[in-house]
Amino acid sequence: MPLDIYSTVAEVGGSAVTIKTHDNDINSFDAWINERHIPNIIKQEAISHSRHGETLIYSYDAASLYYVCDISGELKSCLLCVREG
């Protein structure tokens, strides 16, 4: 997902979510979820048995949306993950 641009995540618990993220630094980011600004979210570090740190940024019904701390090599973009259950 591109940084600093609103995008729609198709399904989070059966509902579309509009999100924009801004990477502040290696420790934090800002998110705008359905136009609600959430400043200075602290990035979670990777757990020892996982490759990436996942930071919960939104939940609806039985689904959750995570910001994934991953260096993908793509500038000005981030990785999001939706988990159900």
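Five bridges join strand β2 to strand β3 (residues 28-33), and the two run antiparallel. Strands here are DSSP runs of E with at least two residues, numbered from the N terminus, and two strands pair if DSSP finds at least two bridges between them. This is a predicted model, in which local features need pLDDT of at least 70 and side-chain atom pairs count only at pLDDT 80 or more, while totals for chains, interfaces and linings use all residues. Residues are numbered from 1 along each chain as its sequence is written, and side-chain values use heavy atoms, with hydrogens and water left out.

Four strands form an open sheet in the order β1-β2-β3-β4, with antiparallel pairing. β1 (7-12) and β4 stand at the edges with a single partner strand each, so one side of each has no neighbour in the sheet. From one strand to the next the twist averages 35°; the axes behind such angles are lines fitted to C-alpha atoms, and the angles run from 0 to 180 degrees between N-to-C directions.

Ile-33 has Arg-36 as its bridge partner in β4. β3 and β4 form a hairpin with two residues between them. Asn-34 lies in the loop between these strands, and its phi is near 50°, a positive value in a residue other than glycine. Asn-34 is partly exposed, with a relative accessible area of 42%. For these labels, buried means under 20% relative accessible area, exposed means over 50%, and partly exposed is in between, using a 1.4 Å probe and protein chains only.

A positive phi also occurs in Asp-4, where the value is near 65°. Asp-4 is found in the segment before β1 and is partly exposed, with a relative accessible area of 42%.

Next come the charged side chains. Side chains of opposite charge can pair when their charged atoms come close. How many salt bridges does the structure hold? There are two, where a salt bridge is a side-chain nitrogen of Lys or Arg within 4 Å of a carboxyl oxygen of Asp or Glu.

One of them is formed by Asp-23 and Lys-43, whose closest N and O atoms are 2.6 Å apart. The pair links distant parts of the chain, 20 residues apart: Asp-23 is in strand β2 (residues 15-23), and Lys-43 is in the loop between β4 (36-42) and β5 (53-60). Asp-23 is partly exposed at 32% relative accessible area, whereas Lys-43 is buried at 14%. Asp-23 also takes part in the sheet, with Phe-29 as its bridge partner in β3.

Arg-83 and Glu-54 also meet in a salt bridge, at 2.6 Å from N to O. This pair too links distant parts of the chain, with Arg-83 in strand β7 (residues 79-84) and Glu-54 in strand β5, 29 residues apart. Arg-83 is partly exposed, with a relative accessible area of 41%, and Glu-54 is partly exposed at 27%.

Lys-20, found in strand β2, is buried yet has no salt bridge. Which side chain of opposite charge is nearest to Lys-20? That side chain is Asp-4, 5.9 Å away; Lys and Arg count as positive and Asp and Glu as negative, while His and the chain ends are not counted. Leaving aside neighbours within four places in sequence, the residues in contact with Lys-20 include Met-1, Asp-4, Tyr-6 and Trp-32. Contact means heavy atoms within 4.5 Å.

In soluble globular proteins, nonpolar side chains tend to be buried together. A nonpolar core is a set of buried Ala, Val, Leu, Ile, Met, Phe, Trp, Tyr and Cys residues joined through side-chain atoms within 4.5 Å. The largest such core has 17 residues, and those with the most contacts inside it are Val-12, Ile-19, Ile-33, Ile-57, Leu-65 and Leu-80. β1, β2, β3, β4, β5 and β6 (63-69) each supply at least two residues of this core. Apart from neighbours within four places in sequence, Val-12 is in contact with Val-17, Tyr-58, Tyr-60, Ala-63, Leu-65 and Val-82.

Glu-45 is placed in the loop between β4 and β5. At 71% relative accessibility, Glu-45 counts as exposed.
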